[in-house]
Amino acid sequence: MLKKILKRIIIAIPVLIGVVLIIFIMLRIVPGDPVTTMMGEHVNLAVIEKVSKEMGLDQPMYVQFFQYVGNALRGDFGTSYRLNRNVTHIILDAFPNTVKLSVCAALVAWMIGITAGIIAAVRQNKLLDRLFMGGALMGVSMPVFMTALLLQYMFAFKLRWFPVSGFDSPRAMVLPAIVLGWNSAGSIARMTRSNLVEVMQNDFIRTARAKGLREGGVIVKHALKNAMLPVVTMMALQVSSMLSGAVLTESVFGIPGIGRLAVNAIETRDMPLLQGTVIFTTVIIIAGNLIADLLYNVLDPRIREGA
Amino acid sequence: MADYENKVSVMAGLADDGAAQIGEADTWQDKAKTLVRQNKLAAFSAVLIVVIILMAVFAPLVAPYDHIRQSLTDRLQAPGAAHWLGTDELGRDVLSRIIFGARISLMIGLVPTLISMAIGTVLGLFAGFYGGKVDFMIMRLADIMLAFPSLLLAMVVMYTMGGGLINIFIALSLVNWAGTARVVRSQTLSLKEKEYVEAARSIGVKKPVMMFRHILPNCMPSLIVLFTLNIPAAILSEASLSFLGVGAQPPSASWGLMVVRGKKYLLAGQPWLAIAPCVAIMIVVMAFNFFGDGLRDVLDPYLKEQ
C-alpha cells in the first residue's frame, strides 16, 4: 500500500511541474509590462527599470521560472502587485472560507444526492424515479450563478430568511452551501441510482431477500455498501468542480475565498496573486484526485488484493 | 500463390468490414427509432434543439424587435403584451436579445467543442495507436490539463488574450480537449487489437490510413455522444466566463453577459432581466444533456460504463 501511495505521488510530481510551467508561461506572455501595470502609466522609466531589476523580471524566463519554483517550494508565491502583501499569506487567509463553503456544500450534496439516488433506485422507472432524476439533471444543467441568483432573490430578498451576502454567520452560510451543493447533488444522485440498480440485480441480494431480510435491510446493509464505492470516489473527485463552482458562488455572495481572490486578481491584473491562486487550487485538486484513488483502494478489497 | 492471394483477399475483406462496421451494424434510422421508443424525453429534446437552432438561424425574422434598438422611453418595462419578457435598462426588448443571443450561445457550444474534440481525437488516436513514449507524453499533457479547474484555466487564458468571442473559442478549445483524448485513446487501445485492424496491417495498409479509416470510424458513436454532452458544458463555461466579466463583451447579446447586466436589477424589482437569460441557458443546456443521455444509451453503452 505504501509503495502504491509513493508511486501515485511520484506520478503527480511531473503533472504539478507541468501545471506551474503552463501557468508561468501563460502569464508571462500577457501583453504589457507587469511593473507598469503595478505602478501605473505615469511612472519614470528609470524607476520601472529599477523595480524590474529588484523583482528579477530582467532575468531570462527560465531563470525566473526556476527561481519561482524554488520559492514556491519554500511556500513563497511572491508579492501581490495590488495588495503589496505576500501572496501565500493572502491565500492562507482566504482558504479557510473556501474550505468552509466546500465542506458545507459537500454535506448538502451528499445528503440530497444520496437520498434522491436511493429513492430513485428503489422506485425504479416509477414517478418518483423520473421526478428525482429529472431534478438531478436539472441540478447538473443549471448554471451555478443561476441557482445563486434565484435563491438570493427568493430567500434573501423576497422572504428575508437569509442575508443577501456575506459568510460570517451560520445563517449566511446556508444559501451559498445549497447553491454549490445542488450542482454536485445531481451527479451524486445519478451515480448512486445507477450503481444501486446494478447491485440490486446481484445474486447476494436475492439471497438476502430469500433469507427473509426486510427490503430496507437489504438496501442499507447489503446493496448500499457495494453501490457506494464509486460514489465515494466520485465525491473526492468533485473537489475540482466544487472549486470551480466556488469561484462563481463566492462572487455572487461576496465570500472572501480563493475563487473571489482569483476573480479580483484578474480584475486588477495582479499576476502574482492570480498565479498563486491557480497553482494553489490545482495542487488541492491533484491532492483530491490522489485521495480519491487511494480511497478506492482502501474501500474495495478486490482492488486492494489485486494490487 | 493462389492460397496467398486468397488469404490477402480475406484479410482485405476483413479490413473493409472494420472500416465499414459502423454503417452496417444498425442503420441510423433504426437508432433514431430506438431513441424515440426508449426515451421520449430525449426525442423531445432533439426536436427542441432543432427549434432553437432554427430560431437562432432565422433570428431577424423570429425576433419581435431589433435586438440592439434602444428606446429610453421604454426602459425597464415589466413583461407584458408589447414586450413578452420586458425591456432592459436601455429599453431593448429582452426576448429579441435572447433570440439573437441563441446564435452566440450555439456558436460557442459548437465551435470550441468541434475544435477541442478534433484536437483530442487526433492526440488520443496517436497516443493509443503508437503507445510508448508518444502515449506517455500525450497522456501526461492531458493529465496536466485535467488537473486544472477548467473555469480558472479558461479565466487565465482570457486574462492572457483579452475578452471577445474568438478568444473564448480559443480558451475553451485549449481547456477541453483532454477528456476526448482520454476516451479516444482507451477505445483505440482496444480497437487496434481487433481482427480487422490486424488484417489491415497484414496487407500493408499504412498507419495513418489504419488510424483514420479503420479505427476512427469505430470511435464515432462515443465521439458523437461526447460531442452532444460537451456542447452544454461549453455553453455553461461561456456563460460563467461572461458572468465573471472575462467572456463576451458588450454590446454582444451573450446570455451570460445579459445575466451580469441583469444582476444589478435583480434586487431592484426587475428580476426578469437576470432570470430570463438564465432560463434560456438552462433550457438549452438541459435539452442537450437529455438528448446526449438518450443518445448514449442507444449508441454507446461503453461510454456509460466509463
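**Figure 1. Surroundings of B:Ile281 in the predicted model.**

**Figure 2. The largest nonpolar core.** This core holds 171 residues. In soluble globular proteins, nonpolar side chains tend to be buried together.

**Figure 3. The fold of chain A.** Chain A has 14 helices and 0 strands. Its pattern along the sequence is α-α-α-α-α-α-α-α-α-α-α-α-α-α. The C-alpha atoms of chain A occupy a box of roughly 85 × 55 × 30 Å along the principal axes. Of the 307 residues in chain A, 40% are buried. Take the chain A contacts between residues at least 6 apart in sequence: 70% of them link residues at least 24 apart.

**Figure 4. Confidence along chain B.** The mean pLDDT of chain B is 83, and 89% of the residues score at least 70. Helix H5 of chain B (residues 94-130) has the highest mean pLDDT among the elements of this chain, at 93. Helix H1 of chain B (residues 2-25) has the lowest, at 51. Where pLDDT is low, predicted coordinates should not be read in detail. For the model, ipTM is 0.81 and pTM is 0.82.

How values were computed: Residues numbered from 1 in each chain as written. Chains lettered and ligands numbered in written order. Predicted model: local features only at pLDDT ≥ 70, side-chain atom pairs only at ≥ 80, totals over all residues. pLDDT = per-residue confidence, 0-100. Helix = DSSP H or I, 4+ residues; strand = E, 2+ residues; numbered from the N terminus. Buried ≥ 20, exposed ≤ 12 C-beta atoms within 10 Å, placed from the backbone. Contact = placed C-beta atoms within 7 Å. Core = buried A, V, L, I, M, F, W, Y, C linked by C-beta atoms within 7 Å. Lists of a residue's contacts leave out its neighbours within four places in sequence.
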